[in-house]
Amino acid sequence: MIGWLIALLAAGALLYWLLILTEGAYLGRRVVTWLYDRAAPLYDRIKGYEPEYEFHFLGRPLSRALATIPDPLLLDVATGTGRLPHVLLEQTGFRGTVVGVDLSRRMLAQAAAVTAPWAGRIVLLWQDATVLPFPDDTFDAVACLEALEFMPHPDRTLREMVRVLRAGGTLLTTNRVGEDARWMPGRTCPSDEFERKLRALSLEMIRVQPWQEDYDLVWATKPGVLRPPRRPRRWDELLRCPRCGSPVTRQARSLTCAQGHTFPIAEDGIVELTR
Ligand SMILES: C[S@@+](CC[C@H](N)C(=O)[O-])C[C@H]1O[C@@H](n2cnc3c(N)ncnc32)[C@H](O)[C@@H]1O
């Protein structure tokens, strides 16, 4: 009897660790996505972001980092319910476009609703962040908040983020710290190790900023000078087919690549690259 009770408790603890504490991170991207799909309608209410903090820590500094570029382009990896696009698009000093990528379709639906007032300046892609479907040196800034540890290969995603960042561009990400980080071996690392990883990717001016109880904000720059681009950049001209890497052309409600792969643009404007 006692043996059964211990086995039951152990199974309960294991499930709690796998599904609640680590949000499915060790069970693969399908489970992570399924959990975020379920949580999407309540996500912002659970998180309870303070607009003042969002402005102070995210919106204003990012907008300032991009101030010298006319019509800047920012990529938000694992954009979720559109927290970062929202606070950035609210900045009067920011006149650019945000591309958000996420693998949870329902999180993206929330993001589309929240950012609807800026519909012409936000693009939401339903896509796994492990491979970012853009050429090298595309974005003036790349962000990824509270998400790297849920990716199957956080280091690979980080490399992809640096690849698509332009020389002189800003990388903004988070490193999970505190008690919770200890429950995610192999997915989180101490601050100094995280900095070493960024330096190994040739990033410079790395700055770790204490932010929330369980996350530091980490800022870094790709070596070089961020120059204004030579011509206007349209997101659909920049996008590459996630299946074969070739450029895509846009029709009213879909995108098609040279090899004939077609991706729908849904009613809510989300580009369904994983469909
Ligand atoms: C904790 S939320 C953070 C969302 C947003 N960055 C924020 O700060 O509110 C983590 C997000 O990562 C997304 N995600 C997890 N694995 C992913 C993957 N492989 N590709 C793209 N998005 C992923 C989830 O769907 C979820 O929206």
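**Ground rules**

I number residues from 1 along each chain as its sequence is written, and my side-chain values use heavy atoms, with hydrogens and water left out. Because the model is predicted, local features need pLDDT of at least 70 and side-chain atom pairs count only at pLDDT 80 or more, while totals for chains, interfaces and linings use all residues.

**Entry 1: the sheet**

I looked up the strand order first. Helices (H or I, at least four residues) and strands (E, at least two) are DSSP runs, numbered from the N terminus. Two strands pair if DSSP finds at least two bridges between them. I found an open sheet of 8 strands with mixed pairing. Its order is β6-β7-β5-β4-β1-β2-β3-β11.

Which strands stand at the edges? They are β6 and β11 (271-272). Each has a single partner strand, so one side of each is left without a neighbour in the sheet.

Next I checked β5, residues 165-176. It is mostly covered, with 11 of its 12 residues buried. Buried means under 20% relative accessible area, exposed means over 50%, and partly exposed lies in between (1.4 Å probe, protein chains only).

β4 (residues 139-144) runs parallel to β5, and 5 bridges join them. Here F139 stands opposite L165. From β4 the chain passes through helix α6 (residues 154-163) to reach β5, and this β-α-β crossover is right-handed. The term means that, with the strands pointing away from the viewer, the path from the first strand over the helix to the second runs clockwise.

β7 (residues 215-221) pairs with β5 in the antiparallel sense, over 7 bridges. There R176 faces Y215 as its opposite residue.

Is T157 buried or exposed? T157 is buried, at a relative accessible area of 0%. I then listed its contacts (heavy atoms within 4.5 Å). Leaving aside neighbours within four places in sequence, T157 touches V77, A129, T130, L148 and M151.

β2 (residues 97-102) and β3 (residues 122-126) run parallel, joined by 5 bridges. V98 stands opposite I122 in this pair.

β8 (residues 248-251) and β9 (residues 254-257) are antiparallel, with 4 bridges. V248 stands opposite C257. A hairpin through 2 residues joins β8 to β9.

R207 sits in β6. It counts as partly exposed, at 44% relative accessibility. I listed L217, V218 and W219 as its contacts, not counting residues up to four places away in sequence. R207 and E195 are 12 residues apart along the chain, and their C-alpha atoms are separated by 8.6 Å.

**Entry 2: the bent helix**

What is the distance between the end C-alpha atoms of α2? They are only 22 Å apart, although α2 has 19 residues. A straight helix would reach 27 Å at 1.5 Å a residue. The expected span is 1.5 Å times one less than the number of residues.

I then found a bend of about 70 degrees at A40. The bend is the angle between axes fitted to the seven residues ending there and the seven starting there. A proline, P41, follows within four residues.

The buried residues of α2 include V32, T33, Y36, D37, A40 and Y43. α5 (105-114) is part of what covers them. After α2 comes G48, with a positive phi near 55 degrees.

**Entry 3: the cores**

A nonpolar core is a set of buried Ala, Val, Leu, Ile, Met, Phe, Trp, Tyr and Cys residues joined through side-chain atoms within 4.5 Å. The largest has 41 residues, and in it L75 and L125 touch the most other members. A second, separate core of 35 residues includes F57, A111, W126 and I270. In soluble globular proteins, nonpolar side chains tend to be buried together.

**Entry 4: two loop residues**

Last, I checked phi in two loops. E23 lies between α1 (2-21) and α2 (29-47). Its phi is positive, about 50 degrees, although E23 is not a glycine. E23 is partly exposed, at 26%.

S202 lies in the loop between α7 (191-200) and β6 (204-212). S202 is not a glycine either, and its phi is positive, about 70 degrees. S202 is partly exposed, at 47%.
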